[in-house]
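Have a look at the model first, then read on.

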Amino acid sequence: MTRRSPSLLAQSALFRMMPIAFVAVAALAVSARAEPITLFAAASLKGALDEAAQSYEEGYGQEIRISYAGSSVLARQITLGAPADLFISANEGWMDVVEDSGHIVPGTRVDLLGNTLVVIAPTATSGPENLDDLAGFLGDRKIAIGLVGAVPAGIYGKAALEHLGQWDAVSPLAAQTDSVRAALALVALNQTPLGVVYGSDAKAEPRVRIVATLAPDSHPPIVYPAAVVADRNKDTASAFLRWLSQPLATDIFRRHGFTPMAGS
């Protein structure tokens, strides 16, 4: 009877186990690829980012789950431990809050997009001839604007109206909302005769028209910073963030009225 040495027996057992090991490794790899990326994004990005995420999912088989809200709300949720993999803010201040709290991966922050700020009115109504007397035009009616102490579009809007010398007169008439899309909806539904939103918002909503584009030097630069959130799916989130600066994604953002700032 032929006796196998202990080393040969061990090798034989190892070879028999290898297929099982390979299956286990492959299963783990598939599981890792299939784990969704959770993205917290400013409400104004919805149309463009929905399209970009769908394109990425179709091209790479990676599910993207997006939670939209005002940047201030999202930033606070992340600092409290909400399960986000990636954060795109509508201004630098709220990204600073998340970064200062230690919740983003160092070196991943990038200025992704820019935008414009506009005054809108319902499509079927007449707007003011100019912005010299907004309070006179409004009378006892309201102007929709994001929360001026928290929502980025509201912060930018207040600065622009102050630059025009209109804020003191208009502030009592401000219908402040918890996101720029909520302000957009008030005008689209003809609940307010005017609103201050991003140019991309106006482009996305056929029920409104642009009355005036506010000069870039009348408010702080509109910047959408993005960063990977720490202690989550860093590799997959980083890959998606890099893709958002590539031509296919930047073309989508341009069509929706944004100005790509990274990688283009």
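## An enclosed strand

Strand 1 (residues 37-42) is largely enclosed by the rest of the structure, because six of its six residues are buried. Buried here means under 20% relative accessible area with a 1.4 Å probe, protein chains only; strands are DSSP runs of E with at least two residues, and helices are runs of H or I with at least four, both numbered from the N terminus.

In a regular strand, side chains alternate between the two faces of the sheet. Both faces of strand 1 are covered: Ile-37, Leu-39 and Ala-41 are buried on one side, and Thr-38, Phe-40 and Ala-42 on the other.

## About the model

This is a predicted model, in which local features need pLDDT of at least 70 and side-chain atom pairs count only at pLDDT 80 or more, while totals for chains, interfaces and linings use all residues. Residues are numbered from 1 along each chain as its sequence is written, and side-chain values use heavy atoms, leaving out hydrogens and water.

## Strand partners

Two strands pair if DSSP finds at least two bridges between them. Strand 1 pairs in the parallel sense with strand 2 (residues 64-69) over six bridges, and Leu-39 stands opposite Ile-66 of strand 2. Strand 1 also pairs in the parallel sense with strand 3 (residues 86-88), over three bridges; there, Ala-41 has Ile-88 as its bridge partner.

## Around Ile-88

Which residues does Ile-88 contact, leaving aside neighbours within four places in sequence? Among them are Leu-39, Phe-40, Ala-41, Leu-112, Tyr-224 and Leu-244, where contact means heavy atoms within 4.5 Å.

Conventions:
Buried means under 20% relative accessible area, exposed over 50%, partly exposed in between (1.4 Å probe, protein chains only).
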